[in-house]
Amino acid sequence: MMQQSTLDPTDAVLRRVVGAGDVFFERVRHGQFLRIVDLEGNQAADTLFYNAEDTAERYSAVDTMREQRNIYLGVGTTLMSTEGRAMLRIVADTVGRHDTLGGACASESNTVRYDLERRHMHSCRDSWMLAVVLNEACGLTKRDITHNINFFMNVPVTPDGVLTFEDGLSGPGKYVEMCADMDVLVLISNCPQLNNPCNGYNPTPIEVLVWDPA
Ligand SMILES: [Zn+2]
């Protein structure tokens, strides 16, 4: 389902372009709105959420899919935590659906999926681990990096249950927007992957915007 937002980018309290392969790591407060924009289209924004007050509580793909009885994320999805609580709600979306099954790219999966010589290539998991190490005060370690959301990414499940990575549904300027139901840490890896069509073999920038409650 498509749903346009009524929020005006000129009213945003935070507005940041995140380059291909870079990270966004910020706190978003309860009631604030968070928008991620696919500036050039066909990009993947690999995202993790943590309860800012207790980072042991974090986004749970399993609880989210079970509660909404749907494997795809879109308008109306409540992003659930490992404690079964609402973290954020998707309130606007111009893409149609987002993935939470495919996982994030890692040096290990690069070697399994593509080639041993791809091991050194930059991955989302490396970006997250670097962000966690450089922000020690957040209290996270690499053990806290678990299943994620791939905003803008198209990972359909076929009728016989096979997971496939397909060309994106997203396009230039398309976005997804959420409202936070608790204070959250938002950790986004703007995917640097060069080996599959999740970002058109051509990683491009995204923009992240935050608004205060109306
Ligand atoms: Zn990635």
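Q: Hi! Which residues does P205 touch, leaving out those up to four places away in sequence?
A: P205 touches V17, V18, G19, A20, L39, E40 and N190, where contact means heavy atoms within 4.5 Å. A quick note: this is a predicted model, where local features need pLDDT of at least 70, side-chain atom pairs count only at pLDDT 80 or more, and totals for chains, interfaces and linings use all residues. Residues are numbered from 1 along each chain as its sequence is written, and side-chain values use heavy atoms, with hydrogens and water left out.

Q: New topic: which protein donors does the zinc ion have?
A: They are C105 (SG), C124 (SG) and C191 (SG), lying 2.2 to 2.3 Å from the zinc ion. Donors are N, O and S atoms within 2.8 Å of the metal (3.2 Å for Na, K and Ca); water is not among the atoms, so sites may look incomplete.

Q: What parts does the pair C105 and C191 tie together?
A: C105 lies in the loop between strand 8 (98-99) and helix 2 (107-113) and C191 in the loop between strand 11 and strand 12, so the pair joins parts 86 residues apart in sequence.

Q: And is C191 buried or exposed?
A: C191 counts as buried, at 2% relative accessibility. C105 counts as buried too, at 7%.

Terms used
Helices (H or I, at least four residues) and strands (E, at least two) are DSSP runs, numbered from the N terminus. Buried means under 20% relative accessible area, exposed over 50%, partly exposed in between (1.4 Å probe, protein chains only).
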